[in-house]
Amino acid sequence: AWAEELQDVLFGCEKAVLDRVEAASQSTHCFGPRREDGKFQDWEGIDPNFPEHHQRWQGIRERNVIFSLVFWMLRRGRKEPTGCERINLLLLYMAVWFMCFSYLERRKRDAVSCEQSWIHACVPESLGGGCHNASLCAELVTLDATPKKLKDYAAVMGKRSSEFAREQSMECLGDDVGLVCRMPMCSAANTPCDGGLCDCRAVENPVLQYMREIFLFTIFFKVLYFPFDLLLRFELKGVWHVLGVGASFAVGVLLLLGGAVTLWLYEPDGRSFGLSATRFALTFISLCSFEMIKSFTLGYLVGTYVIQRNCCPTAARIWKYLLA
(Lines give C-alpha, C1' and ligand atoms only; values in the text may rest on other atoms or scores of the structure.)
Protein backbone atom coordinates (compact mmCIF):
# COMPACT_ATOMS: atom_id res chain seq x y z
CA ALA A 1 0.00 0.00 0.00
CA TRP A 2 2.82 2.39 0.80
CA ALA A 3 4.53 1.82 -2.55
CA GLU A 4 1.25 2.33 -4.46
CA GLU A 5 0.75 5.61 -2.60
CA LEU A 6 4.28 6.59 -3.53
CA GLN A 7 3.59 6.06 -7.23
CA ASP A 8 0.32 8.01 -7.00
CA VAL A 9 1.83 11.16 -5.45
CA LEU A 10 4.43 11.70 -8.18
CA PHE A 11 3.49 13.73 -11.24
CA GLY A 12 4.05 12.14 -14.63
CA CYS A 13 6.51 14.88 -15.56
CA GLU A 14 8.50 14.17 -12.40
CA LYS A 15 8.78 10.50 -13.30
CA ALA A 16 9.82 11.35 -16.87
CA VAL A 17 12.58 13.70 -15.72
CA LEU A 18 13.78 11.23 -13.09
CA ASP A 19 13.88 8.42 -15.66
CA ARG A 20 15.96 10.59 -18.03
CA VAL A 21 18.40 11.55 -15.29
CA GLU A 22 18.68 7.91 -14.29
CA ALA A 23 19.34 6.83 -17.90
CA ALA A 24 21.91 9.61 -18.40
CA SER A 25 23.69 8.64 -15.19
CA GLN A 26 23.90 5.01 -16.26
CA SER A 27 25.44 5.97 -19.61
CA THR A 28 28.00 8.39 -18.17
CA HIS A 29 31.49 6.93 -18.25
CA CYS A 30 32.60 8.37 -14.90
CA PHE A 31 29.56 6.89 -13.20
CA GLY A 32 29.03 3.60 -14.97
CA PRO A 33 26.41 0.95 -14.17
CA ARG A 34 25.68 0.24 -10.56
CA ARG A 35 26.76 -2.99 -8.92
CA GLU A 36 23.67 -4.96 -8.01
CA ASP A 37 23.69 -6.14 -4.43
CA GLY A 38 20.40 -7.89 -3.93
CA LYS A 39 17.49 -6.78 -1.79
CA PHE A 40 17.23 -3.55 0.13
CA GLN A 41 17.48 -3.61 3.89
CA ASP A 42 14.34 -2.87 5.90
CA TRP A 43 15.83 0.26 7.47
CA GLU A 44 16.34 1.82 4.02
CA GLY A 45 12.58 2.14 3.51
CA ILE A 46 12.79 1.18 -0.20
CA ASP A 47 10.29 -1.15 -1.88
CA PRO A 48 12.15 -3.30 -4.48
CA ASN A 49 8.99 -3.57 -6.61
CA PHE A 50 9.19 0.09 -7.64
CA PRO A 51 12.00 2.26 -9.09
CA GLU A 52 14.42 3.35 -6.40
CA HIS A 53 15.01 6.78 -7.95
CA HIS A 54 11.26 7.54 -7.76
CA GLN A 55 11.17 6.61 -4.11
CA ARG A 56 14.35 8.54 -3.27
CA TRP A 57 13.00 11.66 -4.97
CA GLN A 58 9.69 11.47 -3.15
CA GLY A 59 11.49 11.12 0.17
CA ILE A 60 13.67 14.15 -0.65
CA ARG A 61 10.76 16.41 -1.57
CA GLU A 62 8.75 15.23 1.44
CA ARG A 63 11.57 16.21 3.79
CA ASN A 64 11.94 19.63 2.18
CA VAL A 65 9.64 21.90 4.20
CA ILE A 66 8.71 24.21 1.30
CA PHE A 67 8.14 21.58 -1.39
CA SER A 68 6.47 19.27 1.08
CA LEU A 69 3.79 21.89 1.75
CA VAL A 70 3.49 22.91 -1.93
CA PHE A 71 2.99 19.35 -3.18
CA TRP A 72 0.55 18.63 -0.36
CA MET A 73 -1.52 21.66 -1.46
CA LEU A 74 -1.45 20.24 -4.99
CA ARG A 75 -2.75 16.95 -3.52
CA ARG A 76 0.49 15.21 -4.43
CA GLY A 77 1.86 14.60 -0.95
CA ARG A 78 1.72 11.68 1.45
CA LYS A 79 -1.12 11.47 3.93
CA GLU A 80 1.31 11.99 6.80
CA PRO A 81 2.25 14.54 7.97
CA THR A 82 -1.00 16.50 7.70
CA GLY A 83 -1.27 20.03 6.32
CA CYS A 84 -1.20 21.57 9.80
CA GLU A 85 1.89 19.55 10.69
CA ARG A 86 3.64 20.57 7.47
CA ILE A 87 2.99 24.24 8.24
CA ASN A 88 4.40 23.72 11.73
CA LEU A 89 7.52 22.05 10.34
CA LEU A 90 8.00 24.90 7.86
CA LEU A 91 7.64 27.46 10.66
CA LEU A 92 10.07 25.61 12.92
CA TYR A 93 12.65 25.06 10.16
CA MET A 94 12.45 28.74 9.23
CA ALA A 95 12.71 29.77 12.88
CA VAL A 96 15.88 27.74 13.46
CA TRP A 97 17.54 29.29 10.40
CA PHE A 98 16.31 32.76 11.41
CA MET A 99 17.77 32.39 14.89
CA CYS A 100 21.20 31.51 13.47
CA PHE A 101 20.92 34.30 10.89
CA SER A 102 20.00 36.97 13.45
CA TYR A 103 22.73 35.85 15.86
CA LEU A 104 25.44 36.18 13.23
CA GLU A 105 23.98 39.47 11.96
CA ARG A 106 24.30 40.68 15.54
CA ARG A 107 27.95 39.63 15.62
CA LYS A 108 28.57 41.44 12.35
CA ARG A 109 26.84 44.61 13.61
CA ASP A 110 28.87 44.39 16.82
CA ALA A 111 32.09 44.20 14.82
CA VAL A 112 31.17 47.09 12.49
CA SER A 113 30.04 49.29 15.37
CA CYS A 114 33.23 48.53 17.29
CA GLU A 115 35.37 49.36 14.26
CA GLN A 116 33.52 52.65 13.77
CA SER A 117 33.99 53.56 17.44
CA TRP A 118 37.73 52.91 17.16
CA ILE A 119 38.02 54.90 13.90
CA HIS A 120 36.08 57.82 15.37
CA ALA A 121 38.27 57.89 18.49
CA CYS A 122 41.71 57.02 17.11
CA VAL A 123 42.06 57.67 13.37
CA PRO A 124 43.08 61.20 12.34
CA GLU A 125 40.55 63.21 10.34
CA SER A 126 42.99 63.33 7.42
CA LEU A 127 42.65 59.56 7.06
CA GLY A 128 38.87 59.49 7.31
CA GLY A 129 38.55 59.17 11.08
CA GLY A 130 37.24 61.46 13.79
CA CYS A 131 40.30 62.13 15.96
CA HIS A 132 40.94 65.90 16.22
CA ASN A 133 43.91 65.95 18.61
CA ALA A 134 47.00 64.35 17.06
CA SER A 135 48.49 63.61 20.48
CA LEU A 136 45.49 61.43 21.37
CA CYS A 137 45.25 59.60 18.04
CA ALA A 138 46.68 56.14 17.39
CA GLU A 139 50.34 55.96 16.46
CA LEU A 140 51.43 55.04 12.95
CA VAL A 141 52.52 51.55 14.04
CA THR A 142 49.07 50.93 15.52
CA LEU A 143 47.35 52.19 12.36
CA ASP A 144 49.54 49.93 10.21
CA ALA A 145 48.23 46.90 12.14
CA THR A 146 44.77 47.47 10.61
CA PRO A 147 43.93 44.78 7.99
CA LYS A 148 44.13 46.00 4.40
CA LYS A 149 40.42 45.43 3.80
CA LEU A 150 39.58 47.82 6.64
CA LYS A 151 42.11 50.58 5.92
CA ASP A 152 39.56 52.53 3.89
CA TYR A 153 38.31 54.15 7.09
CA ALA A 154 35.77 56.36 5.34
CA ALA A 155 34.15 53.27 3.75
CA VAL A 156 33.98 51.52 7.13
CA MET A 157 32.33 54.59 8.67
CA GLY A 158 29.75 54.51 5.89
CA LYS A 159 28.57 50.96 6.74
CA ARG A 160 25.30 50.31 8.53
CA SER A 161 25.76 49.97 12.26
CA SER A 162 23.78 50.12 15.48
CA GLU A 163 23.79 52.79 18.17
CA PHE A 164 22.93 50.02 20.62
CA ALA A 165 26.07 48.11 19.61
CA ARG A 166 28.29 51.21 19.58
CA GLU A 167 27.40 51.88 23.19
CA GLN A 168 28.64 48.41 24.13
CA SER A 169 31.69 48.27 21.84
CA MET A 170 34.20 49.41 24.48
CA GLU A 171 32.77 47.64 27.50
CA CYS A 172 35.63 45.14 27.51
CA LEU A 173 38.04 47.97 28.37
CA GLY A 174 36.31 48.69 31.68
CA ASP A 175 37.76 51.83 33.23
CA ASP A 176 40.65 51.98 30.74
CA VAL A 177 38.68 53.53 27.86
CA GLY A 178 41.44 56.11 27.43
CA LEU A 179 43.80 53.32 26.35
CA VAL A 180 41.72 52.41 23.31
CA CYS A 181 44.05 54.14 20.83
CA ARG A 182 47.06 52.26 22.14
CA MET A 183 45.71 48.98 20.78
CA PRO A 184 45.01 48.03 17.13
CA MET A 185 41.52 48.01 15.69
CA CYS A 186 41.36 44.23 15.34
CA SER A 187 41.94 41.62 18.02
CA ALA A 188 44.14 38.61 17.48
CA ALA A 189 41.32 36.16 18.27
CA ASN A 190 37.54 35.94 18.07
CA THR A 191 37.09 37.93 21.27
CA PRO A 192 37.32 41.73 21.78
CA CYS A 193 40.27 43.32 23.61
CA ASP A 194 42.53 40.32 22.91
CA GLY A 195 45.50 42.10 21.34
CA GLY A 196 43.07 44.56 19.70
CA LEU A 197 39.71 46.17 20.30
CA CYS A 198 37.33 44.47 17.83
CA ASP A 199 36.56 41.00 16.52
CA CYS A 200 37.01 41.90 12.84
CA ARG A 201 36.79 38.37 11.44
CA ALA A 202 33.00 38.46 11.29
CA VAL A 203 33.25 41.30 8.73
CA GLU A 204 36.65 40.74 7.15
CA ASN A 205 36.00 37.13 6.11
CA PRO A 206 32.49 36.55 4.66
CA VAL A 207 33.31 32.90 3.90
CA LEU A 208 34.07 32.30 7.56
CA GLN A 209 30.85 34.11 8.43
CA TYR A 210 28.84 31.77 6.17
CA MET A 211 30.61 28.69 7.56
CA ARG A 212 29.71 29.78 11.07
CA GLU A 213 26.11 30.18 9.97
CA ILE A 214 25.99 26.69 8.52
CA PHE A 215 27.74 25.22 11.56
CA LEU A 216 25.30 26.86 13.97
CA PHE A 217 22.34 25.78 11.85
CA THR A 218 23.59 22.19 11.77
CA ILE A 219 23.76 22.07 15.57
CA PHE A 220 20.40 23.71 16.20
CA PHE A 221 18.79 21.72 13.39
CA LYS A 222 19.65 18.49 15.21
CA VAL A 223 18.69 19.83 18.63
CA LEU A 224 15.55 21.89 17.89
CA TYR A 225 14.12 20.78 14.56
CA PHE A 226 14.94 17.13 13.98
CA PRO A 227 13.17 15.75 17.10
CA PHE A 228 9.92 17.55 16.16
CA ASP A 229 10.28 16.42 12.55
CA LEU A 230 10.40 12.79 13.69
CA LEU A 231 7.57 13.35 16.15
CA LEU A 232 5.17 14.89 13.63
CA ARG A 233 5.88 12.27 10.98
CA PHE A 234 4.58 9.57 13.28
CA GLU A 235 0.85 9.02 13.09
CA LEU A 236 0.11 10.44 16.52
CA LYS A 237 -3.50 10.50 17.66
CA GLY A 238 -5.52 12.36 20.26
CA VAL A 239 -3.78 14.33 22.96
CA TRP A 240 -0.30 13.32 21.78
CA HIS A 241 -0.98 14.81 18.38
CA VAL A 242 -2.17 18.07 19.96
CA LEU A 243 0.86 18.21 22.26
CA GLY A 244 3.29 17.56 19.40
CA VAL A 245 1.80 20.23 17.13
CA GLY A 246 1.46 22.71 20.00
CA ALA A 247 5.03 22.23 21.21
CA SER A 248 6.56 22.61 17.74
CA PHE A 249 4.45 25.73 17.08
CA ALA A 250 5.43 27.29 20.42
CA VAL A 251 9.16 26.64 19.88
CA GLY A 252 8.95 28.07 16.35
CA VAL A 253 7.20 31.25 17.49
CA LEU A 254 9.66 31.79 20.36
CA LEU A 255 12.66 31.40 18.04
CA LEU A 256 11.16 33.77 15.45
CA LEU A 257 10.37 36.39 18.10
CA GLY A 258 13.87 36.10 19.59
CA GLY A 259 15.47 36.55 16.19
CA ALA A 260 13.20 39.48 15.31
CA VAL A 261 13.99 41.29 18.59
CA THR A 262 17.72 40.78 18.01
CA LEU A 263 17.54 42.23 14.50
CA TRP A 264 15.36 45.14 15.64
CA LEU A 265 17.86 46.12 18.35
CA TYR A 266 20.81 46.01 15.97
CA GLU A 267 19.24 47.59 12.90
CA PRO A 268 19.22 51.43 12.82
CA ASP A 269 15.79 51.78 11.20
CA GLY A 270 12.80 49.97 9.73
CA ARG A 271 14.26 49.98 6.22
CA SER A 272 17.42 48.22 7.38
CA PHE A 273 15.31 45.71 9.29
CA GLY A 274 13.33 45.03 6.11
CA LEU A 275 16.50 44.54 4.08
CA SER A 276 17.84 42.05 6.62
CA ALA A 277 14.50 40.19 6.64
CA THR A 278 14.56 40.05 2.82
CA ARG A 279 18.12 38.74 2.85
CA PHE A 280 17.06 36.09 5.35
CA ALA A 281 14.15 35.01 3.11
CA LEU A 282 16.43 34.69 0.09
CA THR A 283 19.03 32.67 1.99
CA PHE A 284 16.28 30.45 3.41
CA ILE A 285 14.85 29.69 -0.05
CA SER A 286 18.37 29.10 -1.37
CA LEU A 287 19.08 26.71 1.50
CA CYS A 288 15.93 24.67 0.81
CA SER A 289 16.66 24.51 -2.93
CA PHE A 290 20.27 23.52 -2.32
CA GLU A 291 19.14 20.77 0.06
CA MET A 292 17.01 19.15 -2.67
CA ILE A 293 19.74 19.34 -5.32
CA LYS A 294 22.39 18.10 -2.90
CA SER A 295 20.26 15.19 -1.69
CA PHE A 296 19.45 13.86 -5.17
CA THR A 297 22.85 14.41 -6.82
CA LEU A 298 25.33 13.88 -3.99
CA GLY A 299 23.09 11.56 -1.99
CA TYR A 300 21.37 9.32 -4.54
CA LEU A 301 23.32 9.58 -7.83
CA VAL A 302 26.81 9.56 -6.31
CA GLY A 303 25.75 6.95 -3.77
CA THR A 304 24.31 4.67 -6.45
CA TYR A 305 26.76 5.11 -9.35
CA VAL A 306 30.03 5.98 -7.57
CA ILE A 307 29.96 4.61 -4.01
CA GLN A 308 27.98 1.49 -4.88
CA ARG A 309 30.14 0.88 -7.94
CA ASN A 310 33.50 1.21 -6.21
CA CYS A 311 32.82 0.34 -2.58
CA CYS A 312 30.96 -2.29 -0.63
CA PRO A 313 27.12 -2.27 -0.78
CA THR A 314 26.87 -1.41 2.92
CA ALA A 315 28.84 1.82 2.37
CA ALA A 316 26.47 2.81 -0.44
CA ARG A 317 23.40 2.06 1.70
CA ILE A 318 24.68 4.20 4.57
CA TRP A 319 25.71 7.00 2.18
CA LYS A 320 22.25 7.20 0.60
CA TYR A 321 20.49 6.85 3.92
CA LEU A 322 22.40 9.81 5.39
CA LEU A 323 22.57 12.12 2.35
CA ALA A 324 19.55 11.23 0.22
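The legends below describe close-up views of a predicted model.

Local features are described where pLDDT is at least 70 and side-chain atom pairs where it is 80 or more, while totals for chains, interfaces and linings use all residues. Residues are numbered from 1 along each chain as its sequence is written, and side-chain values use heavy atoms, with hydrogens and water left out.

**View 1. Overall fold of the predicted protein, with 13 helices and 0 strands.** Helices (H or I, at least four residues) and strands (E, at least two) are DSSP runs numbered from the N terminus. Of the 324 residues, 42% are buried; buried means under 20% relative accessible area, exposed over 50%, and partly exposed in between (1.4 Å probe, protein chains only). Among contacts (heavy atoms within 4.5 Å) with a separation of 6 or more, 69% join residues 24 or more positions apart. The protein exposes about 17,400 Å², of which carbon and sulfur atoms supply 64%. Accessible areas come from the Shrake-Rupley method with a 1.4 Å probe, and for residues only the protein chains shown count as cover.

**View 2. The largest nonpolar core, of 26 residues.** A nonpolar core is a set of buried Ala, Val, Leu, Ile, Met, Phe, Trp, Tyr and Cys residues joined through side-chain atoms within 4.5 Å. V65, Y93, F217, Y225 and F284 touch the most other members. At least two residues of this core come from each of α4 (65–73), α5 (83–122), α10 (206–233), α11 (238–266) and α12. Helix α5 gives the most, with 12 residues. Leaving out residues up to four places away in sequence, Y225 touches V65, L89, L92, Y93, V96 and F220. Another core, of 18 residues, lies apart from this one and includes C114, Y153, V180 and M183.

**View 3. Helix α13 (residues 313–323) and its buried residues.** These residues are A316, R317 and K320. Seen down the axis of α13, they fall within an arc of 100 degrees, so they line one face of the helix; the arc is that of the directions from the helix axis to the C-beta atoms. They pack against α3 (52–63) and α12 (270–310).

View 4. K320 has a relative accessible area of 2% and is buried. Its side chain makes a polar contact with the side chain of E52 at 2.9 Å. A polar contact is a pair of N or O atoms within 3.5 Å; within protein, one must be able to donate a hydrogen and the other to accept it, and residues adjacent in sequence count only if both atoms are side-chain atoms. Not counting residues up to four places away in sequence, K320 touches E52, R56, G299, Y300, G303, T304 and Q308.

**View 5. The salt bridge between R61 and E14.** A salt bridge is a side-chain nitrogen of Lys or Arg within 4 Å of a carboxyl oxygen of Asp or Glu, and the structure holds 9 of them. In this pair the closest N and O atoms are 2.6 Å apart. R61 lies in helix α3 and E14 in helix α2 (residues 12–27), so the pair ties together parts that are 47 residues apart in sequence. Both R61 and E14 are buried.

**View 6. The salt-bridge network of E105, K108, R109 and R279.** E105 and K108 form a salt bridge with closest N and O atoms 3.2 Å apart; both lie in helix α5, 3 residues apart, about one turn of the helix. E105 is buried at 5% relative accessibility, whereas K108 is partly exposed at 22%. The side chains of E105 and R279 also meet in a salt bridge (2.7 Å, N to O). This pair links distant parts of the chain, with R279 in helix α12 and E105 in helix α5, 174 residues apart. R279 is partly exposed, with a relative accessible area of 27%.
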